[in-house]
Amino acid sequence: MSELVLGISAFYHDSAAAVVSGGTPVAAAQEERFSRRRHDAAFPAQAVRHCLRTAGAELGDFTAVAYYEDSALKARRVLATYAGGAPWGLRAFQDSAPAWLTWKRDAPATVTRHLSALGAGRVPPVLVTRHHRSHAASAFYPSPYESAAVLCVDGVGEWDTTTLWHGRGERLTPLGGLSFPHSLGLLYSAFTYFCGFRVNSGEYKLMGLAPYGTPRYASLIRERLIDIKPDGSFRLDVRHFSFLRGRTMTGRSFEKLFGGPRRLPEGPLTEREFDLAASVQLVTEEVMLRLARTAAHRTGERRLCLAGGVALNCVANGRVAREGPFEEIWVQPAAGDAGGALGAALDTAHARGARRTHPAGGRDAMAGALLGPAYTDDEIQRFLERHGLPHTRLSPEAMAERVAAELAAGRIAGWFQGRMEYGPRALGARSILADARDPRTQSELNLRTKFRESFRPFAPAVLAEDARGYFELSQDSPYMLIVAPVAAGQRRPGGQEPATGLDLLRQTRSTIPAVTHVDHSARVQTVGRREHPAFHRLLTAFKRRTGCPVLVNTSFNVRGEPIVNTPQEAYTCFMRTRIDLLALGGFLLEKTEQPPWAEEDDWRAAIPLD
């Protein structure tokens, strides 16, 4: 049997576990999907159990455990930051210092204790991989490229915030980087906080808000907040930020620059928030484009791999793909800290002599990011029968035809098939689906199904073979991490153009308005037959019925909750929302046929802000 390595990321946010066998990803999942706590930072005990079950192994069968960052070095940075900001931030220091001086400082020992408590066999040595090296390994080793430039951009790891690497064969060579506090991720998070969204989870909201505004603050950001050099390197003017002195990202200096206090969470959105989002998004794209050009110049490569939290900014990725110097880019689907678990395991495996193996046809080694738990039809049937839930069993072909017909009739479907996705995106395993041609779909899904803000855009899933007829894509986008313009032939005039703001939602915009953002862009998922046979079958059936190979694909959850993992969670979400039918493995459930659903409390009142 090939050597097994277990990777762990934990104790900050988005804890996860991953297993690689001989350098090939076997299983990976975030802890939040099991604990049901969004962005769970706890030790990923349940994710580890999933990985062990999938690998068919006990801990004693592993050659090593790899932790995704150097906790001792990170502790020195955290404590030095508090010391440098004294006397401000004293309360935050008092709250945080005990952990950073004890169990967080020695994460390998802490991980060993947690693994021992699982009772799953002898714990192998726990090794440490630096944070950005974990990101780089997660980006390069599973990529389909024999050699590539590798760019990692995030908030901060130990000290690194931006790093450039050269990947060749089995080697990853660091070429340079930037250090804390000069961080593109922290700049973006500061605006996330200032616009009233939650740091480390609301950045995608800011990205979605940006097209509603105009970048009238971009020059001010460049002049007062970030000094950008031609090669993409930069320095922040830390006097205007508060993250060096406590728990908040911005303070009075930021308020003076941008005309008043931050928007409070759930407060009304104004033109200022639209324009702030548009401005910091534009600056972020400019930095990423310059960094990409430097990466090409330094490495001589024509392909780029991306990881780190900023690599989840799919609008910036789209600009790099279209305007950068590379022929092709590949983004790790779990680009944030959760992906560090996989990267640490891959880096350790390759250091121990593992070889890269990839499927035929130039595909990557991520198995479509379908590395989480799966449930057999026998397990699903036992759940349905135990609770007396009416259902119909269908063949895969009949399921695709039936769901396609219902979607074409304007209904909303829950789609629960196969192994759960690794990373933040639902890719057709735990998805809510709807007709992209219906202009009512966006508001219906946002307000009555997802219970979230009306401005939030939805992503299209499109047959890979038809993608270029609908989107201006130069490459596949299997992980929904590249934004592209809707093809000119699919666009529709929206009438008289509103100036700015949420009135833009009233435009028809295209033949697929439910997935066309106000700037005529879309966050595209291209669906291939080999990686997603069931989802591809459904899209094919929908195209055969309607002539359109595109569906709305959004995550199977409601606001504030992680994506569903189990059949029970899928059924609960189905019954709580305006989802009309549920394809649960080989079984179809109709909402109108289900027993009355009742809960003691109003569960919506407990939805946390995200």
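Residues are numbered from 1 along each chain as its sequence is written, and side-chain values use heavy atoms, with hydrogens and water left out. As the model is predicted, local features need pLDDT of at least 70 and side-chain atom pairs count only at pLDDT 80 or more, while totals for chains, interfaces and linings use all residues.

Helices (H or I, at least four residues) and strands (E, at least two) are DSSP runs, numbered from the N terminus. Strands of a sheet pair through backbone hydrogen bonds, either parallel or antiparallel. Here two strands are taken to pair if DSSP finds at least two bridges between them. An open sheet of five strands runs in the order β3-β2-β1-β4-β5, with mixed pairing. The edges are formed by β3 (24-30) and β5 (126-128); each has a single partner strand, so one side of each is left without a neighbour in the sheet. From one strand to the next the twist averages 25°, where axes are lines fitted to C-alpha atoms, for helices over the stretch in contact, and angles run from 0 to 180 degrees between N-to-C directions. Strand β4 (residues 64-67) pairs with β5 in the parallel sense over three bridges, and V65 has V126 in β5 as its bridge partner. Helix α2 (residues 45-55) packs on the sheet, touching β1 (4-9), β2 (16-21) and β3, and its direction makes about 150° with that of β3; contact means heavy atoms within 4.5 Å.

Most residues other than glycine have a negative phi, and most peptide bonds are trans. The peptide bond from F180 to P181 is cis, with omega near 10°; P181 is found in the loop between β8 (171-179) and α7 (184-194). E266, in the loop between α10 (252-257) and α11 (271-299), has a positive phi of about 75° although it is not a glycine. A367, also not a glycine, has a positive phi of about 55° and lies in the loop between α13 (338-351) and α14 (377-386). E266 is partly exposed, with a relative accessible area of 48%, and A367 is partly exposed at 44%. Buried means under 20% relative accessible area, exposed over 50%, and partly exposed in between (1.4 Å probe, protein chains only).

On a 1 Å grid over the protein atoms alone, a cavity is a set of points where a 1.4 Å probe fits but cannot get out, and a pocket is an open set with protein on both sides within 12 Å along at least five of seven lines; lining residues have an atom within 4 Å of a point. Grid points are joined across faces, edges and corners, and a volume is the space filled by probe spheres set on the points. The structure holds two cavities of 30 Å³ or more. The largest has a volume of about 60 Å³, and its lining includes F11, Y68, K74 and W100. The second largest cavity, of about 50 Å³, has R322, E472 and I482 among its lining residues. β17 (482-485) and α12 (314-323) each supply at least two residues of this lining, and β17 gives the most, with three.

The second largest pocket has a volume of about 580 Å³. Of the 29 residues that line this pocket, R363, D364, D476, P478 and E531 are the closest to its centre.
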